[in-house]
Amino acid sequence: MKNWNWALTILAVINTIAIWGIVTYFSNLGQGMAIMAAIVLPIYVVVFSIFIAIIVYLKRKSYFQKEIIFSTLFLLLFCTPIPHMIFWSVSQPSVRTMEEGSLLPDDSFLKTETDVRKGKVIAVRYWISKPGRTQLLKDSTWVTYNGEGDTVKVEKYHHGKLLSRENRGK
């Protein structure tokens, strides 16, 4: 394809790999370290944008020729985080489950699961394992919410045994 900006294609591919690499790396860390993506990603985007601006300015006579101007403009879009953010927001599941675990003083393990839809908590669940065992049992108070944040269902468990269930609405 003679009418394509191959140099800018390579830079757009490098940018895509770098952005997804940064996001993937930090999203696989715990919540405390994942916040680093909020620092590293903007720094990377600013540095890469300045780099691209310099390259495009130096090569403006060849990049904006009539034959390759479409590919140049298209690829410049992929040198920004905009298409990546759009893809990420469209590809996210409607419900996300966040998990957190803690070791209790009696050597049992407590796991908390929180379901989130569109930024709102829709369910909170607790699991516990007895000391020395790996099997997780339902424990504590499980609460389910509707889209407005009202409590819909409350279930109380103790070491896997259902103690009570209360439905509160729709």
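Residues are classed by relative accessible area as buried (under 20%), exposed (over 50%) or partly exposed (in between), with a 1.4 Å probe and protein chains only. The structure is a predicted model, in which local features need pLDDT of at least 70 and side-chain atom pairs count only at pLDDT 80 or more, while totals for chains, interfaces and linings use all residues. Residues are numbered from 1 along each chain as its sequence is written, and side-chain values use heavy atoms, with hydrogens and water left out.

Helices (H or I, at least four residues) and strands (E, at least two) are DSSP runs numbered from the N terminus. Helices H1 and H3 pack with their axes 10 Å apart, at an angle of about 175 degrees. H1 is therefore roughly antiparallel to H3, a class that takes angles over 145 degrees. The axes are lines fitted to C-alpha atoms, for helices over the stretch in contact, and the angles run from 0 to 180 degrees between N-to-C directions. On the H1 side, the residues that meet H3 are Leu8, Leu11, Ile14, Asn15, Ala18, Ile19, Ile22, Val23 and Phe26. Their counterparts in H3 are Ala37, Val40, Leu41, Tyr44, Phe48, Phe51, Ile52 and Ile55.

A nonpolar core is a set of buried Ala, Val, Leu, Ile, Met, Phe, Trp, Tyr and Cys residues joined through side-chain atoms within 4.5 Å. The largest such core has 16 residues, and those with the most contacts inside it are Leu8, Leu11, Tyr44, Phe48, Ile52, Leu75 and Cys79. Two or more residues are given to this core by helix H1 (6-27) and by helix H3 (37-58). In soluble globular proteins, nonpolar side chains tend to be buried together. When neighbours within four places in sequence are left aside, cysteine 79 is in contact (heavy atoms within 4.5 Å) with Leu8, Leu11, Ala12, Asn15, Phe48 and Ile52.

Rings of Phe, Tyr and Trp (its six-membered ring) pair if their centres lie within 6.5 Å, and planes under 30 degrees apart count as stacked, over 60 as edge-to-face and the rest as tilted. The structure holds nine aromatic pairs. One of them is edge-to-face and joins tryptophan 20 to phenylalanine 87, at 5.7 Å centre to centre and 80 degrees between the planes. Tryptophan 20 lies in helix H1 and phenylalanine 87 in helix H6 (residues 82-91), so this pair ties together parts that are 67 residues apart in sequence. Tryptophan 20 is partly exposed, at a relative accessible area of 26%, and phenylalanine 87 is exposed, at 52%. Phenylalanine 70 and phenylalanine 74 form a stacked pair, 6.2 Å centre to centre with 15 degrees between the planes. Both residues lie in helix H5 (residues 69-77), four residues apart, about one turn of the helix. Phenylalanine 70 is exposed, with a relative accessible area of 61%, and phenylalanine 74 is partly exposed, with 37%. Ring pairs link Phe70, Phe74 and Phe78 with Trp4 and Trp6 into a cluster.

A charge sits over a ring if NZ of Lys or CZ of Arg is within 6 Å of the ring centre and within 35 degrees of the ring normal. The charged end of arginine 60 is placed in this way over the ring of tyrosine 57, 4.2 Å from its centre.

Most residues other than glycine have a negative phi. Serine 140, in strand E5 (residues 140-145), has a positive phi near 70 degrees and is partly exposed, with a relative accessible area of 34%. Histidine 159 also has a positive phi, of about 50 degrees. The place of histidine 159 is the loop between strand E6 (151-158) and strand E7 (161-167), and the residue is partly exposed at 29% relative accessibility.

Leucine 162 lies in strand E7 and is partly exposed at 36% relative accessibility. Leucine 136 lies in the loop between strand E3 (120-129) and strand E4 (137-138) and is partly exposed at 29%. Residues up to four places away in sequence not counted, leucine 136 touches Phe109, Lys111, Trp127, Ile128 and Ser129.

Key
Parallel < 35°, antiparallel > 145°, perpendicular 65-115°, else oblique.
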